[in-house]
Amino acid sequence: MTPKKEDYLKIIFELGGMKKKVSNKQISIGLNVAAASVSEMVNKLVKEGLADHTPYAGISLTKKGVKVAEDLIRTHRLWETFLVEKLGYELFEVHDDAEVLEHVASDKLIDKLYDFLEEPKECPHGGVIPSKDGSYEEESHTTLSEIEPGQIVEVDRFIDNHELLTYINDIHLSLGDKVKVVDKAPFDGPISLIMVQTGETTTIGYNAAHYIFVK
């Protein structure tokens, strides 16, 4: 399986594609690729039995696709955890190196890494890490973009996207932060927030808000 195909399976999993339909637009933004490229890859995934696609509704993973995605996610997120916790990487720096490492590690090495890291349940950006037997708690799939003005939510996880994580770092938004949605500008404009702990105000771009998951 090509690394590009693996990236698609991982992003569909991260967006909740094992439970619901994910749109081509969500995948396109998450991977920073053209819509035409998404359509082409989706067709390949469907032909290989890794995904189901319903026109105008979206794409979801089959049981086979979920299993492959879980294995990829586990390996990638364990390397991210290692790079941040043991080598001092910043969160926005880890993706590319974790991407390289996941393709050269044996199953034995990954199991050893899992033990060495004391069986982590989450990676540095909040994503679940399946255990050796494949079990894990379900992730939040409610995005900040879905929250109405006046509601207070807690930041639960971020999509594993370099540009997003760099942006999150720049605006000093962290896992566990409680935020109150103040206003949502029309025509896909930014979302205004108050940081509950500090009272500071900030804004989140419309696209970014679709890749910040809250609870």
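User: What is the relative accessible area of Glu 119?

Analyst: This is a predicted model, in which local features need pLDDT of at least 70, side-chain atom pairs count only at pLDDT 80 or more, and totals for chains, interfaces and linings use all residues. Residues are numbered from 1 along each chain as its sequence is written, and side-chain values use heavy atoms, with hydrogens and water left out. Glu 119 is found in the loop between helix 6 and strand 3 (142–143), where helices (H or I, at least four residues) and strands (E, at least two) are DSSP runs numbered from the N terminus. With a 1.4 Å probe and protein chains only, buried means under 20% relative accessible area, exposed over 50% and partly exposed in between, so Glu 119 counts as partly exposed at a relative accessible area of 47%.

User: What is the phi of Asn 32?

Analyst: Asn 32 belongs to the loop between helix 2 (24–31) and helix 3 (35–47), and at 47% relative accessibility it counts as partly exposed. Most residues other than glycine have a negative phi. Asn 32 is not a glycine, yet its phi is positive, near 55°.

User: What is the volume of the largest pocket?

Analyst: The search runs on a 1 Å grid over the protein atoms alone, and a pocket is an open set of points with protein on both sides within 12 Å along at least five of seven lines, whereas a cavity is a set where a 1.4 Å probe fits but cannot get out. Grid points are joined across faces, edges and corners, and a volume is the space filled by probe spheres set on the points. For the largest pocket this gives about 380 Å³.

User: Which residues lining the largest pocket are the closest to its centre?

Analyst: The largest pocket has a volume of about 380 Å³, and its lining residues are those with an atom within 4 Å of a point. Of the 20 residues that meet this condition, the closest to the centre are Asp 71, Leu 72, Arg 74, Thr 75 and Asp 107.

User: Which element gives the largest share of the lining of the largest pocket?

Analyst: The elements that contribute two or more residues to this lining are helix 4 (63–85) and helix 6 (107–116). By kind, the lining divides into six nonpolar, four polar and ten charged residues, where Ala, Val, Leu, Ile, Met, Phe, Trp, Tyr, Cys and Pro count as nonpolar, Asp, Glu, Lys and Arg as charged, and the others, Gly among them, as polar. The largest share, seven residues, comes from helix 4.

User: Which residues have the most contacts inside the largest nonpolar core?

Analyst: In soluble globular proteins, nonpolar side chains tend to be buried together. A nonpolar core is a set of buried Ala, Val, Leu, Ile, Met, Phe, Trp, Tyr and Cys residues joined through side-chain atoms within 4.5 Å. The largest such core has 43 residues, and those with the most contacts inside it are Ile 27, Leu 144, Leu 173 and Ile 212.

User: Which residues does Ile 152 touch, not counting residues up to four places away in sequence?

Analyst: Ile 152 lies in strand 4 (residues 152–158), and contact means heavy atoms within 4.5 Å. The C-alpha atoms of Ile 152 and Val 196 are separated by 8.2 Å, although the two residues are 44 residues apart along the chain. The residues that Ile 152 touches are Val 179, Lys 180 and Val 196.

User: Which helices do the buried residues of helix 5 pack against?

Analyst: In helix 5 (residues 94–102), the buried residues are Val 94, His 95, Ala 98, Glu 99 and Glu 102. Seen down the helix axis, they fall within an arc of 130°, so they line one face of helix 5, the arc being that of the directions from the axis to the C-beta atoms. The face turned away carries the exposed residues Asp 96 and Val 100. The buried residues of helix 5 pack against helix 1 and helix 4.

User: Which elements do the buried residues of helix 7 pack against?

Analyst: Leu 164, Leu 165 and Ile 168 are buried in helix 7 (residues 162–170). Their directions fall within an arc of 95° when seen down the axis, so they line one face of helix 7, while Glu 163 and Asp 170 are exposed on the other side. The buried residues of helix 7 pack against strand 4, helix 8 (206–209) and strand 8 (212–214).
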